[in-house]
Amino acid sequence: MGRAFVYVILGGGVAAGYAALEFTKRGVSHGELCIISEETVAPYERPALSKGYLLPEAPARLPAFHTCVGANEERLTPKWYKEHGIELVLGTRVISADVRRRTLLTAAGETISYKILIVATGARALKLEEFGVNGSDAENVCYLRDLNDANRIVDVMHSCSGGNAVVIGGGYIGMECAASLVISKINVTMVFPEAQCMPRLFTPKIASFYEDYYKSKGVEFVKGTVLSSFDMDSNGKAVAVNLRDGKRLPVDMVVVGIGIRPNTSLFEGQLTLEKGGIKVNGKMQSSNSSVYAVGDVAAFPVKIFSETRRLEHVDSARKCARHAVAAIMEPEKTGDFDYVPFFYSRVFTLSWQFYGDNIGEVVHFGDFSGNTFGAYWVNKGHLVGSFLEGGTKEEYAAIAMVTSLKPAIEDLAELESRGLSYAMAISREPPPSQVTNVDVSGPSLVLEKPMYRWHATAGVILAGSVAAFAYWYGRRRRRW
Ligand SMILES: Cc1cc2nc3c(=O)[nH]c(=O)nc-3n(C[C@H](O)[C@H](O)[C@H](O)COP(=O)(O)OP(=O)(O)OC[C@H]3O[C@@H](n4cnc5c(N)ncnc54)[C@H](O)[C@@H]3O)c2cc1C
């Protein structure tokens, strides 16, 4: 048995939802598009799972956070897909793909064929077993990637209020889950091998601010070591974690956030892979012209840095999904994806945003004992990255803008003393001399002077709208 569609989106996460919306905006006909997802619900805003979903009071629940509510757009409920003639094939895992024949085989034995495939399979959480530790099956050892995982965490949290949790891993998932556990009155110890939290992004100074804040909320940190084993009770429940440094921590629950791996296995040997993901061009098209890849699974050219990267963040998943659909539906009008990486997180009452790249020399600014501080990264004489905690709408817009312009920086001490006011000044009146100095790989920034103001204004509007949305998203929709 089998069905055929013009367009098939494989995966039903963030990127799938945004791609579906874009298809309808560009005039897809009823019956042409199908989304296949192993999850049993329509695409939703995954970041909600480690934030509002875990709150003890009035937690966020579907349908409140179906995509594309995260972009202040329509909330795509199953009814929406039906009304738009989009087939949702839910609870269905694809077990093999044949890109030469343009077919997918589902676990139910159905063959689904396509003209164009968008791979949006995201990533899976890495398991402890992959690091030689057994125990992931214990009922109180939790991971967090999808709704089932989040429901499991909620159930375990309810059963151990006032108890002890160990959070393994000091990245996004660890930090956000630790905050939610504390808010639910569970004692939290975070364990990670590095010397600081968020080691891939934070500087030691920034990390130290967040760690101190977490400590003020009662969180304990055990750094520089890893989990070596669990002690289990006779019911197979973890009662303690043993660390490689010899410590033993009694537990009522464990949350593991030790990284993710992109879901590429269906396409290995069929498509070119790079950086752990499916390699695509600026149109999000893979080495097979009928197959596009978007979201966490896609390794795409990041123009501003002149290199291929795979990002694991929601903003890029949303935007590259829409770009792929534009390239599919209106190829002649669609250029290459031009994206400035943007990440954010919210924990407790804190909220930060990061734009660009964290390479080169770091210049911190602001009041690290107060509410608003940040950092710039300067590489090869240009500002390439900006971080800000506790900013206003205008301030986030300013750091987004300054990062997209990649201005030349001659004096790091001056940048430090000007701090956030530098970004604010640039966003109000970008100096042409800096713009014309920018590397050709920058985002539309090597400009002839007469064109300069137009491009700069467009840049301000673009950066402003990205940051305004992010600000709105952060402040008004804190729960997810
Ligand atoms: C708890 C959590 C919190 C997060 N918070 C933030 C945040 O605050 N800020 C931020 O920038 N990013 C955050 N992220 C990251 C962000 O959610 C991801 O970057 C984004 O979801 C990627 O979208 P995607 O569509 O590529 O993948 P996903 O949203 O993961 O969707 C992939 C989909 O494909 C399905 N699938 C995979 N393989 C198959 C198969 N063989 N057959 C059928 N279906 C399949 C999966 O079940 C899933 O539905 C968070 C992620 C998580 C898990």
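This is a predicted model: local features need pLDDT of at least 70, side-chain atom pairs count only at pLDDT 80 or more; totals for chains, interfaces and linings use all residues.
Q: How many helices and strands does the protein have?
A: Helices (H or I, at least four residues) and strands (E, at least two) are DSSP runs, numbered from the N terminus. Here there are eleven helices and 26 strands.

Q: Which residues touch the most other members of the largest nonpolar core?
A: In soluble globular proteins, nonpolar side chains tend to be buried together. A residue is buried if 20 or more other C-beta atoms, placed from the backbone, lie within 10 Å of its own. A nonpolar core joins buried Ala, Val, Leu, Ile, Met, Phe, Trp, Tyr and Cys residues through C-beta atoms within 7 Å. In this core of 145 residues, the answer is Ala 19, Val 254 and Val 294. Helix 6 (residues 314–329) gives the most to this core: nine residues.

Q: How do strand 12 and strand 13 run?
A: Strands pair if DSSP finds at least two bridges between them. Strand 12 (residues 227–232) and strand 13 (residues 238–243) run antiparallel, joined by five bridges. Phe 230 stands opposite Val 241 in strand 13. The two strands form a hairpin with five residues between them.

Q: At what angle do helix 7 and helix 9 cross?
A: Axes are lines fitted to C-alpha atoms over the stretch in contact, and angles run from 0 to 180 degrees between N-to-C directions. Helix 7 (residues 393–405) and helix 9 (residues 420–428) cross at roughly 75°, with axes coming within 8 Å. They are therefore roughly perpendicular (65 to 115 degrees).

Note on methods
Residues are numbered from 1 along each chain as its sequence is written. A residue is buried if 20 or more other C-beta atoms lie within 10 Å of its own, exposed if 12 or fewer, and partly exposed in between; C-beta atoms are placed from the backbone. Angles under 35 degrees count as roughly parallel, over 145 as roughly antiparallel, 65 to 115 as roughly perpendicular and the rest as oblique.
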